[in-house]
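Here's a quick tour of a few spots in this structure. Take a look at it first, and then we'll go through them one at a time.

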Amino acid sequence: MSVPARGAGPELVRHLAGLVMSPLRDPGLPADQWRALLGVAVRERCAAVAWIRASEAIVRWAPAETAAAWRQLYITIAARGHAQIAAAGEAAAALHRSAIHPITLKGFPLAAMLYGDASARACTDIDWFVPRADRPQAQRALYAAGWIHNEGELPWDETVERPGPHGTMYIEVHSSLLHPRFAYLPVPEPEYEPMLVEGVAVRRHAGPLLPGYLAAHLAQHVAPPLLWDIDFATLWQRLSIPDRAAARRAARQAGLGRYLGWAERRAALVLRLAAGDRAAAGALGFTAAGRSDVHPAWRHVRLAPTLASAARALDGWLRPPWVRETYGPGVAGVVMRVARHWRTALVRGERVGDRAPDDGSAVTTGIARVQPGRMLEVARGVTREGGAMWIVATGASMLPAIAPGDRVRIGPVRVLRPGVVVLADAEGAPVLHRVVRVHDKEVVLRGDACRTDDAPIRPADVVAAVQAVARGPAVRPEPPARVRGGARS
């Protein structure tokens, strides 16, 4: 979970796009900026694909220490990627014995197709499509194979997990290409083609609707990582004119025509960004102040194919099926939904990771709104003198312990040990996560709702420890000392 943060910065994002999309060109980056570029590549999920496409440039132009760190990071990502492929093969074999054949969405088959390396896309989970009628049997087969329930339930999306030597593996099982809230769109079941990835036979999502599907997936997220834009731009560049026409036709038939057009415009911006166009960074939401984006709900209303579907898009966010089941179908359910999830949607735009929620808590608790760098500086000064201060958390990576809008009291770090939640300086971005491991020269953090660890930081980058969390009038002591996975990518 990030608290008010600076973000990637348009200049570094421009250099990163150029490195990935134009790997033979001199990136023109000062030597002292390469380490920061690696940090941006990690945050934008581009570290692996950048190494695959531009390792020669990185080794040639980056300082040796940074190039070595980049290479080691890719090796780590690749090792987990290979383990993920093996786990997917074993899980699919369990389903095959029940005559169920899952289709893999995005993930390592898409990476292999786009970049020639299944490890190019750092994925936290494996996404499967399984027809709804097959879901109960698929669930039994996965449980029998050692996978355990993580979240979700039939007939909706379900996530299962299984621990392993390379960390916990996750499989998300879906019965529709889009989130259930978009059931009003006539999106068909996915087509597929067989593919062999590192000796594992998979059914890869294919067909003319693939670009429209990727566009819709991109649109569902606030400030999606740069990798997803690069994925779409790379795919769209490879399509012939007839294939693009077929993709547009399939998207229109599925109600995704406007989504595809929106993604096409973003792909053009990615190419401009890679060519050095500074304005393209801002158009993609990368600003000097942080990531900027609208709430996805408004995007779905704008991209809906008809006025009727736009109304249903809004209703799908206000009253999705599980909200109606939890809170009831009436006005009360809508009010609860707005109160819990719609604060940021009810403003003109959303600044991701660089502002506190506008919920009045800054006034009632005496929290001042300051720039990210200044906030870290103030926090260091306060805790150095043994004092404490309140900050406002944003994001969802520390759920359920810390929710968006919670006020968090931070103070000096008495003992740096696993389980403690800390405020850390991650390449200039304030991050509020839990300590997983502590070594002499590095500390590893992780959000409670995240599936992977953060990039290691120095002990000196740990600024403060969480002392208490306030939600409404209630104040609780520091979150319980546990680390759990479960966030969706």
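This is a predicted model: local features need pLDDT of at least 70, side-chain atom pairs count only at pLDDT 80 or more; totals for chains, interfaces and linings use all residues.

## Helix 1

How many of the 12 residues of helix 1 are buried? It's 10, so the helix is mostly covered, with buried meaning under 20% relative accessible area. Among them are Leu12, Val13, Leu16, Leu19 and Val20, but Arg14 and His15 are on the buried list too.

## His205 in strand 7

Next up is His205, which sits in strand 7, a run covering residues 200–206. Is His205 buried or exposed? Its relative accessible area is 3%, and because the cut-off for buried is under 20%, His205 counts as buried.

Who are its neighbours? Leaving aside residues up to four places away in sequence, His205 touches Ile103, Thr104 and Leu105, along with Leu177, Pro190, Glu191, Leu210 and Tyr213.

## Arg458 in a loop

Last stop: Arg458, found in the loop that links strand 15 (443–446) to strand 16 (462–471). Its side chain makes a polar contact of 2.8 Å with the side chain of Asp461.

Not counting residues up to four places away in sequence, Arg458 touches Lys441 and Val443. Asp440 is 18 residues from Arg458 along the chain, and the C-alpha atoms of the two are 8.9 Å apart.

How values were computed
Residues are numbered from 1 along each chain as its sequence is written. Side-chain values use heavy atoms; hydrogens and water are left out. Helices (H or I, at least four residues) and strands (E, at least two) are DSSP runs, numbered from the N terminus. Buried means under 20% relative accessible area, exposed over 50%, partly exposed in between (1.4 Å probe, protein chains only). Contact means heavy atoms within 4.5 Å. A polar contact is a pair of N or O atoms within 3.5 Å; within protein, one must be able to donate a hydrogen and the other to accept it, and residues adjacent in sequence count only if both atoms are side-chain atoms.
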